[in-house]
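Colleague: I am new to this structure. Could you walk me through how to read it?

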Amino acid sequence: MDKQKIVTGERSCAATLAGGTVESVRFQEEERTSVRVYEGGKIGVAGRIGGGDDAALEQSAREALAYGIPYPSALCGGEVRSADTRTEILSEIDFLPAVKKLAARLKERFPSFIFSNKISMEEGKVRYTDSAGTDLFYAGNAFVVSLAVKEAASANIMDLAYGAVRGYYDEDAIVSDLSKLLDVYGNVLALPEEALPVIIDVNIVQYLLGHFMAETYQSGAGLLSGKMGQKIFGDEVDILLDRTPGKEPLVRFFDDEGVTLPGDQFYFVKEGRLCGLAAYRRTAAEFSLPLSGCGRAPFDGAPMCGNFSGLEVDAHGKKLSEAVKGRAVYISVVSGGDMTPDGKFATPVMCAYLYEDGKLTGRLPEFGISGNIFDLFGKNMLAIAENDLYGYTRETVLVSRFSIDKK
């Protein structure tokens, strides 16, 4: 009988902001243990929160084999590896005073705006072991800023947002980033008549993730079905999982099935060509595909596909200030958005700015944008670049020609 065990520990300090001040703070620590057993092409799973008897948990997993859930044996071949990427950010004692100081500074620096939502410190540890001798360990931490920003005179619940996940805390850099957005917010400009490039977070690629999944691809009904090996985007487009330890906070180098990647990377698209699909052990075995490290699982449930941690659209070191000279439309906040089965992407734009010579000069009225995803990352794409407008938050942006739908 093959066995796997995963122990996950999480610790966090989270402060909630309301009305621009710290309303509450919460310290939380949790440990979850999962045991999976495999026999006769079936899987049994049991999980617990907190400490307990591992022998009893394994027995519960063995008994769960009676449910007859089909699953191939999922051992990893005896790899032993450890990565601890934790850095010194703030002590738990210093966390609340630091957040209160930041909140007070934001209130003083931007009196026309109200800040809410959460700021936290997160720490995670995960150990995966199995009966083949595999032993994988990862530990990491991050300072997480997730702010909703509302203009005091506005009737909206929120007008824009600011977020960052970093391995360090820098109050000055956060205030500087927000000043880029808020100091020109009141300078309302008309939507330019000429067609300008649009700058938007490259995370719109999230709308494609379901189409990278092996089941969707093999069904023949996916947007990418039948396109393996074909050029689907521009030559500069590389879409991959990069789980190099320390590159991004809290991104571990193995998935929930203990799968590691050669060089800690797996490409879905390389130089514009579709070259990989998202698979976990069951679909990899079913469709004879390489493992992509996309297995995810609840602590008390069977694995499934959908772990895209470390997803990246590679900017190849290109900076936004280098890629865009002159004027462009800079998208800050979108509201919803969707993509049709033939690849047409559209979204209302809640907050946008005029970008000119490396800085934001004023806010634009609300509008909508649209375009076919293959064109946006293909013939209409001007660049994929690191957003060097900011100093604290890390963001990659797509610069492309969208259709702008005026309201």
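Modeller: Start with strands. Two strands pair if DSSP finds at least two bridges between them. Keep in mind that this is a predicted model.

Colleague: How many bridges join strand β10 and β15, and in which sense do they pair?

Modeller: Strand β10, residues 239-242, pairs with β15 over 3 bridges, in the antiparallel sense. One place to look is Leu-241, whose bridge partner in β15 is Leu-311.

Colleague: What is the order of the strands in the open sheet?

Modeller: The order is β12-β11-β10-β15, an open sheet of 4 strands with antiparallel pairing. β12 (273-274) and β15 (311-313) stand at the edges. Each has a single partner strand, so one side of each lacks a neighbour in the sheet.

Colleague: Now helices. What should helix α2 span?

Modeller: Count 1.5 Å a residue. The 18 residues of α2, 92-109, should therefore span 26 Å. The end C-alpha atoms of α2 are 26 Å apart, which agrees.

Colleague: Which residues of α2 are buried?

Modeller: Buried means under 20% relative accessible area. In α2 that holds for Phe-95, Ala-98, Val-99, Leu-102, Ala-103 and Leu-106. They cover an arc of only 135° around the axis, so they lie on the same side of α2. On the other side of α2, Ile-93, Lys-101 and Glu-108 are exposed.

Colleague: How do I read a nonpolar core?

Modeller: In soluble globular proteins, nonpolar side chains tend to be buried together. Here the largest nonpolar core has 55 residues. Phe-268, Phe-377 and Leu-398 touch the most other members. Strand β18, residues 344-356, gives the most to this core, with 4 residues. A second, separate core has 48 residues, including Phe-110, Tyr-162, Val-184 and Tyr-355.

Colleague: Last, the cysteines. How many disulfides does a search of the whole structure find?

Modeller: A disulfide is a covalent bond between the sulfur atoms of two cysteines. The search finds 0 disulfides in the whole structure.

Colleague: Are Cys-13 and Cys-275 buried or partly exposed?

Modeller: Cys-13 counts as buried because its relative accessibility is 2%. Cys-275 has 41%, so Cys-275 counts as partly exposed.

Notes:
Residues are numbered from 1 along each chain as its sequence is written. This is a predicted model: local features need pLDDT of at least 70, side-chain atom pairs count only at pLDDT 80 or more; totals for chains, interfaces and linings use all residues. Side-chain values use heavy atoms; hydrogens and water are left out. Helices (H or I, at least four residues) and strands (E, at least two) are DSSP runs, numbered from the N terminus. The expected span of a helix is 1.5 Å times one less than its number of residues. Buried means under 20% relative accessible area, exposed over 50%, partly exposed in between (1.4 Å probe, protein chains only). The arc is that of the directions from the helix axis to the C-beta atoms. A nonpolar core is a set of buried Ala, Val, Leu, Ile, Met, Phe, Trp, Tyr and Cys residues joined through side-chain atoms within 4.5 Å. A disulfide is a pair of cysteine sulfur atoms within 2.5 Å.
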